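Here is a short briefing on selected sites in one protein. Please read it alongside the sequence and the 3D view.

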Amino acid sequence: MRDFVVELGINEVNSGVGFGDWVEKPKGPELVSYSPIDGKEIARVRTASETDYEYVVEKAEGAFRSWRTTPAPKRGEIVREIGQRLRDKKKILGKLVTLEMGKIAAEGEGEVQEMIDMADYSVGLSRQLYGLTISSERPSHRMMEQWHPLGTIGIVTAFNFPVAVWSWNAMIAAVCGDTMIWKPSSKTPLTAIAVQKIANEVMKAYGLEGVFNLLIGSSKSVGEKMIADPRLPLVSATGSCRMGQRIGEVVGKRLGRSLLELGGNNAIVVMNDANLELASRAILFGAVGTAGQRCTTTRRLVMQEGIALKLTDQLIASYRQVRVGDPLDPKTLMGPLIDRDAAETMMHALKTVKKEGGELLCGGTLLEGKGYESGCYVTPAIVKAHPKMSIVREETFAPILYLFTVKDLDEAIAIHNDVPQGLSSAVFTQNVRAMETFLSPAGSDCGIANVNIGTSGAEIGGAFGGEKATGGGREAGSDSWKAYMRRQTATINYGKELPLAQGIQFGPTPSEAVC
Ligand code: NAD
């Protein structure tokens, strides 16, 4: 803990309310952060009360009034500075992610790298917030589209990417001229505090506050206030489909905008002609990486019958070599699940699938004894299942891979698309027709579709998000920044007449004029 205290400035008891400075003693109840590694308490956080909430929203609104008119490239400069600090702290921050969330050290650092990438990307973006010029039907008129900052936005994040998801939103929102309020998952408050401290230090050096704000509290105390608050024109929320339904409903009722990044139920299709070596490596990373706790985790494997047996055997063999244990040990491939509830949910899903007729081919054990005292360690499971089983249609946030066998690509695509979620998808094939069919309008119905690459590990340059119950939101690259701005169509008349659109003549003709 000492390293974290020195390098990241976190303590044993922390304030969970920051806006540039910290509210010394927020009035909400104390929250304890536990490590899934050993189940022990890491630190305590004082959460936000209603009064703290009001105070921070006012700070953010006040900051917006000047931040919105700061030139975007200047805003980008500040984001560049944040990226630089993240570079300097990459190792220690990655380690904190591992300690609090349980992903292995390489993935913890990878998460911080993703934040750095988002910062770099956003710096470039700060000089690229472009609009269009559109031909006017009226003479001596110019019509254009411009993008303005939206306001103070709400960012709600999930436990599994405790800091990267903040950066997907925050880095872009900041260069777009928005101020923001972040409510992280109550399971990962410390990483949020560490990141907020970094943002605070940079802002202080520029004499600014209120752009990046943090409010730690439960979904009831802070989350529900944010989603119902008309002062937040956009709520960008990452989490389960159930949470997204609630947020979509409440934000929609006040006609606000929501950007929803919700659960996935991602599948890989492997055709007879696939390179099985590539496929099995991608499946292993996709299904076992982050202990199956990625939104893009591979949860279903659809195999053409010619390779099904061989691929299944290969996977079972590699699953048996997966080292489960302390995520800080470099030899470990899979760390713990986030908490005991998650481990129990996995055991329950396995029981259900067996009851429905599924066959457990390997793994699926809850580990006990020395090194596993937290009760959060499991072995990754492979299950022979049927696509119509109800449990297979749900996202169980744990390392369970369901296997199906199909005759051809048509059947594979039908099964692939027959789930409520639509986040990430992949096909392994050497056949151009199969690749293109998978990517065609009649192919995968997901927001992300890959060929000879697994379902997880997206690059930030593309727009990230999914369809159907995954919520339809897009974050990170491409033109996702538009969600954080308001569009304005502006028309300028530089002539001496006032022609109306659609050729409408309006007003008295000169002979009819009465005066
Ligand atoms: P969760 O839904 O339990 O919580 C996510 C966040 O929403 C937390 O901060 C929580 O406090 C908040 N929340 C819950 N109810 C709320 C409410 N009524 N009002 C305001 N805030 C509320 O999810 P989790 O267990 O933390 O994370 C796992 C889930 O997140 C999985 O379903 C995973 O697929 C999804 N996820 C999706 C993406 C994506 O980009 N699509 C990325 C990461 C995680």
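A residue counts as exposed when its relative accessible area is over 50%, as buried when that area is under 20%, and as partly exposed in between. The model is predicted.

**G357: an exposed loop position**
- G357 has a relative accessible area of 55%, so G357 is exposed, the cut-off being over 50%.
- The loop that holds G357 runs between α12 (340-355) and β14 (359-362).
- M389 is 32 residues away from G357 along the chain, and the two C-alpha atoms are 8.5 Å apart.

- D178 sits in the loop joining α6 (164-176) to β8 (179-183).
- D178 is buried and has no salt bridge.
- The nearest side chain of opposite charge belongs to R75, at 7.6 Å. A salt bridge needs a side-chain nitrogen of Lys or Arg within 4 Å of a carboxyl oxygen.
- The D178 side chain does reach the backbone nitrogen of G151, at 3.2 Å.
- Leaving out residues up to four places away in sequence, D178 touches F64, W67, P149, L150, G151, I153, A173, V211 and Y484.

Conventions:
Residues numbered from 1 in each chain as written. Predicted model: local features only at pLDDT ≥ 70, side-chain atom pairs only at ≥ 80, totals over all residues. Heavy atoms only, no water. Helix = DSSP H or I, 4+ residues; strand = E, 2+ residues; numbered from the N terminus. Buried < 20%, exposed > 50% of the residue type's maximum accessible area, 1.4 Å probe, protein only. Lys, Arg positive; Asp, Glu negative; His and termini not counted. Polar contact = N/O pair within 3.5 Å; in protein donor to acceptor, adjacent residues only side chain to side chain. Contact = heavy atoms within 4.5 Å.
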